Amino acid sequence: MKKQWYKDAVYYEVNVKAFQDSNDDGIGDFPGLTSRLDYLADLGVGCLWLMPMYPSPLKDGGYDISDYRDIHPDLGTLDDFKKFLAEAHARGIKVITDLVMNHTSDTHFWFQEALKGIDNPYHDYYVWSDNDKKYAGTRIIFIDTETSNWTFADSVGQYYWHRFFSHQPDLNYDNPKVQEEMLDIVRYWLDMGIDGFRVDAIPYLFEREGTSNENLPETHAFIKRIRKVMDAEYPQAMLLAEANQEPEALLDFFGDGDEFHMAYHFPLMPRMFMALKKKDVSPVIEVLNKTPAIPEGCQWMMFLRNHDELTLEIVSTEEQEYMLKTYAPENRMKSNLGIRRRLMPLLDGNQRANQMMNAMLFAMPGAPIIYYGDEIGMGENIHLNDRDGVRTPMQWDAGKNGGFSNAAAHNLILPVIGDPLYCPACVNVAHQEAVASSLLNFLKKLIQVRKGLKAFAYGTIEILDTGNVRVLAFVRRTADSVVICVFNVSAEAQWCLLSLSSYAGKKMRECFSGAGFPSVDGGSYTVMMEGYGWYYLETE
């Protein structure tokens, strides 16, 4: 089990530059993050996922990397990072970092050299064409801003390929030197002591004419090569795939247990929100039934929200329209094929709905992620550009700039939320730590409860028939633990009748409250719940 620490950790995604400013320049940094590690340890975080921390022109939130082997000067120095890493490990917190393998910034040394001429040794580090007709039919990901996957470079008289923004040229993995460069970068950070990588945009590494240029065999061959190096040299490290694909395609990224250790379960997340608005759990059941078994040693990563838009790429057109109409009534709430909003505003500020959704997330077969600030119900600023509306400064207290920074407001990396319902005066860590019924204290307890329920991290899942479309029920089971999970996705009280003949005579205990529940008498078991009610019922 020691090698599989990643299976039962609770993850926390942190935007370093928006978390805590230590030097009053208005930008969060590693010394600031280090100063808040006790908070994260108290919350119960097992692993931190760091958004990009590398030197970058920051045209895409740091996902446009200009140097893979250093720290962005705004965030501190390599020594600051090493100190942070040591302090996190001292508290039992693992650390994984974003690694963008698919592309670089156009300011990266490699690309600047590539622009000097086709004979330059770095020119072949990228994908070029004499015209923009190759790979026709490949979808454009950033449909709000890009009209082509090709951009013309005057200096060499050729087009370069980019699946994302035009300032992010794709690397050419058909060049063995690029593969070696990336393997050396992987070793560089793992030698420093990090615990793994969240690999961004992994489906797009290779290109082949006549294909979708996603999820190609060549991409999987290179992933296997990375994993082989890690297993041999860094056996405790973990690889997490960001692959926005259907469940069947996601299975490919686990390989035979020799590619990624973990992958995001993208298809589940929008269906959870859909079930909530429709008051019908059918979308969740449908996607769980379509979720394939994964190799031993692998794990799903589950989430409600993160730094990107709530993606609707892998739902039907009808479902897209429903979600956009329901959750993004204003145009500025939309981004590409998604919704750029935070969790609490998506739920109309309803704390009970928030608690139920998190409880459902934590019970799903996989490891859960909390996006920074969602543990206190932070708000959004839809008037900021791109996805910055959900990347605003963490709100620690009701003081200046929410306790994030002592800098003048106009010098902050992004403005603190000003909405009177979600501003720091109303939503902050200090206040919620002191209120027993707060969302923060709820999540602290939920994390502790999950840690004691190994069935959640390691168990099977069996969906139960409830006879009520507003109630989802399933059994999570290991050889020595059984937890029956029941969730009401509506605001009205509901009841259901579960067939539990396998557990006849068993006593029941509700894990979160510790309350005793009636024993299973015969084969039927009646469960009653208030609006957005939920239970983790463990057999004794």
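**View 1. Y11 and its neighbours in the core.** Y11 touches W5, Y6, C47, I96, M238, M262, M301, A367, P368, I369 and I370, leaving out residues up to four places away in sequence. Touching, or contact, means heavy atoms within 4.5 Å. Y11 belongs to the largest nonpolar core, which has 160 residues. Y11, Y12 and Y536 have the most contacts inside this core. Another core lies apart from it, with 18 residues, among them V486, C496, L498 and Y535. A nonpolar core is a set of buried Ala, Val, Leu, Ile, Met, Phe, Trp, Tyr and Cys residues joined through side-chain atoms within 4.5 Å. Buried means under 20% relative accessible area, exposed over 50%, and partly exposed in between (1.4 Å probe, protein chains only). In soluble globular proteins, nonpolar side chains tend to be buried together.

The model is predicted: local features need pLDDT of at least 70, side-chain atom pairs count only at pLDDT 80 or more, and totals for chains, interfaces and linings use all residues. Residues are numbered from 1 along each chain as its sequence is written, and side-chain values use heavy atoms, with hydrogens and water left out.

View 2. Six strands form an open sheet with antiparallel pairing, in the order 15-16-17-22-19-20. Strand 15 (460-464) and strand 20 (516-517) are the edge strands, and each pairs on one side only. Strands (E, at least two residues) and helices (H or I, at least four) are DSSP runs, numbered from the N terminus. Two strands pair if DSSP finds at least two bridges between them. Strand 17 (residues 481-488) and strand 22 (residues 534-539) run antiparallel and are joined by five bridges. V486 has Y535 of strand 22 as its bridge partner.

View 3. L472 sits in strand 16. L472 counts as buried because its relative accessibility is 0%. Beyond its neighbours within four places in sequence, L472 is in contact with V281, V284, I285, M360, M364, T466, C485, V486 and F487. L472 and C496 are 24 residues apart in sequence, and their C-alpha atoms are 9.5 Å apart in space. Helix 10 (residues 282-290) lies across strand 15 and strand 16 (471-478). This helix runs at about 140° to strand 15. Axes are lines fitted to C-alpha atoms, for helices over the stretch in contact, and angles run from 0 to 180 degrees between N-to-C directions.

View 4. Three strands form an open antiparallel sheet in the order 4-6-5. Strand 4 (128-129) and strand 5 (150-153) stand at the edges with a single partner strand each, so one side of each has no neighbour in the sheet. Strand 4 pairs with strand 6 (residues 158-161) over two bridges. Strand 5 pairs with strand 6 over four bridges. In strand 6, Y159 is the bridge partner of S129 and of F152. Four residues lie between the strands in the hairpin of strand 5 and strand 6, where G157 takes a positive phi near 65°.

**View 5. The largest pocket.** About 480 Å³ of space lies in this pocket. Of its 20 lining residues, I294, P365, Y458, G459 and T460 are the closest to its centre. Helix 16 gives the most to the lining, with three residues. On a 1 Å grid over the protein atoms alone, a pocket is an open set of points with protein on both sides within 12 Å along at least five of seven lines, and lining residues have an atom within 4 Å of a point.

Terms used:
On a 1 Å grid over the protein atoms alone, a cavity is a set of points where a 1.4 Å probe fits but cannot get out, and a pocket is an open set with protein on both sides within 12 Å along at least five of seven lines; lining residues have an atom within 4 Å of a point. Grid points are joined across faces, edges and corners, and a volume is the space filled by probe spheres set on the points.
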